[in-house]
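Thanks for coming. Please have a look at the structure first, and then I will talk through a few parts.

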Amino acid sequence: MSSTVLHVRAETKPLEHRSAITPSIAKKLVDEGYTVNVEKSPLSIFPDEEYEGTGASLVPTGSWTDAPSDHIVVGLKELPEEDFPLKHTHVQFAHCYKGQGGWDTVLGRFPRGKGTLLDLEFLEDEKGRRVAAFGYHAGFAGAALALMAWAWQLTHSKDEPLPGVTPYENEDALIKDVKEAVETGKAKAGHLPRVLVIGALGRCGSGAVDLCVKAGLEDILKWDLAETKAKPGPYQEIIESDVFVNCIYLSAKIPPFIDPESLASPKRKLSVVCDVSCDTTNPHNPIPIYDINTTFSEPTVPVKLPSSSNDLPLSVISIDHLPSLLPREASEAFSAALLPSLVQLNDWKNVRVWQQAEKLFNEKCAALPDGAVDEHAELVANQS
């Protein structure tokens, strides 16, 4: 019986340096009997040479499109925006299950090519807990950038946005820069920032809180379901904090945490919002004060404030791959957590966690607009 082939796709998203399968995990999969093909990647934090000696084979960048249809393609972030149908089983984050803008276009490519999406965001154990997630490092990195932005605003004009950032080799280097920024901001403001974290008890929120603690902050408001269920938003406590970090997992419509009207409060101290959850195009986004994702090269976007607002600037950070700020540590933690599920891919049709992912895929495909798959296929055929 031939071994199952896993094809590790090179990431193409700008500044995406993580990998779903690190060199150490690639070796463990090979030891389990898998054939592992790893695309050469100019972006990955793991140089190609690190896969040498693991038993994995290096293959050309982007070669997954020509791989046999029975190969399982493993990646992290969404595929490039293309029209061709997808024939493989893909293991990745696709961001098309929660009504995001263009979700039907993204999802429709799979049934058109008779492929399958096994979305990493929705792999759950028997207790409904995600088997692997980047949440901790997302919250950690998001809070770091938020504190940097807070300090930057205090020491620069409104017309000078926070400069672009590049990935850090390790956590210590990031914390060093954040501490320096916070001290600079404190010298200007006369106080440390007050930070409110919603979703503080989850993976993402705990990462945000840990960063704040390691940066030397003292006034950290840790909110979770108990606080948000006690009363509906908008919340004055957010408006009166210097920094707000949103770390919730949005699964249904909820009252907004803040909105344009609440920003008019004369008591507003809020100057930085980091929406780690990054539900930018979700119609139920509880932070409806911005409408675009930001990037590592342009981390912040200014918020248009009500005319009655005070002069304090307000910026939003909405980067949808924040863990890439710490790509090596984030990848190693995620890949290790995913390994027990990865080793079951050779029989994934009969394994609960993967069966559940396929069931969800089929349910979402059934919700595609009537005729969307056939009509799109006909459109593409006519254009070719």
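I will go through a sheet, some ring pairs, and then the charged side chains. Keep in mind that this is a predicted model.

Let me begin with the sheet. In what order do the 6 strands of the open sheet run? The order is S3-S2-S1-S4-S5-S6, with parallel pairing. At the edges stand strand S3, residues 57-59, and strand S6, residues 116-119. Each of those two has a single partner strand, so one side of each has no neighbour in the sheet. On average, neighbouring strands of this sheet are turned by 25 degrees against each other, direction ignored.

As one case of pairing, take strand S1, residues 5-8, and strand S2, residues 35-39, which are joined in the parallel sense over 4 bridges. Within that pair, Val5 has Thr35 of S2 as its bridge partner. A helix also packs on the sheet: H9, residues 352-366, touches strand S5 (89-92) and S6. The direction of H9 makes about 120 degrees with that of S6.

Now the rings. The count of aromatic pairs comes to 10. One of them is Trp64 with Phe84, a tilted pair, 6.1 Å centre to centre and with 40 degrees between the planes. Trp64 sits in the loop between S3 and strand S4 (72-74), while Phe84 sits in the loop between S4 and S5, 20 residues apart. Are these two residues buried or exposed, or in between? Trp64 has 7% relative accessibility and counts as buried. Phe84, at 33%, is partly exposed.

Another pair is Phe244 with Phe257. Their ring centres are 6.3 Å apart and their planes stand at 80 degrees, so this pair is edge-to-face. Phe244 belongs to strand S9, residues 243-246, and Phe257 to the loop between S9 and strand S10 (272-275), so the pair ties together parts 13 residues apart in sequence. Phe244 is buried, at 0% relative accessibility, and Phe257 is buried as well, at 3%. Ring pairs also bring in Trp223 and Tyr235, which form a cluster with Phe244 and Phe257.

The charged end of Arg18 is placed over the ring of Phe134, 4.3 Å from its centre. Likewise, the charged end of Lys98 is over the ring of Tyr249, 4.6 Å from the centre of that ring.

That leaves the salt bridges. Side chains of opposite charge can pair when their charged atoms come close. How many salt bridges does the count give? It comes to 15.

Among them is Arg9 with Glu11, where the closest N and O atoms are 4.0 Å apart. Arg9 counts as buried at 5% relative accessibility, and Glu11 is buried at 7%.

Next, Lys13 and Asp320 meet in a salt bridge at 3.4 Å, N to O. This pair links distant parts of the chain, 307 residues apart: Lys13 is in the loop between S1 and helix H1 (23-31), and Asp320 is in the loop between strand S12 (315-317) and helix H8 (327-342). Lys13 counts as buried at 19%, whereas Asp320, at 25%, counts as partly exposed. Together with Glu78, Lys13 and Asp320 are linked in a network of salt bridges.

Last, Lys349 and Glu358 form a salt bridge at 2.6 Å, N to O. Lys349 is partly exposed at 45% relative accessibility, and Glu358 is buried at 17%.

Notes. Residues are numbered from 1 along each chain as its sequence is written. This is a predicted model: local features need pLDDT of at least 70, side-chain atom pairs count only at pLDDT 80 or more; totals for chains, interfaces and linings use all residues. Side-chain values use heavy atoms; hydrogens and water are left out. Two strands pair if DSSP finds at least two bridges between them. Axes are lines fitted to C-alpha atoms, for helices over the stretch in contact, and angles run from 0 to 180 degrees between N-to-C directions. Contact means heavy atoms within 4.5 Å. Rings of Phe, Tyr and Trp (its six-membered ring) pair if their centres lie within 6.5 Å; planes under 30 degrees apart count as stacked, over 60 as edge-to-face and the rest as tilted. Buried means under 20% relative accessible area, exposed over 50%, partly exposed in between (1.4 Å probe, protein chains only). A charge sits over a ring if NZ of Lys or CZ of Arg is within 6 Å of the ring centre and within 35 degrees of the ring normal. A salt bridge is a side-chain nitrogen of Lys or Arg within 4 Å of a carboxyl oxygen of Asp or Glu.
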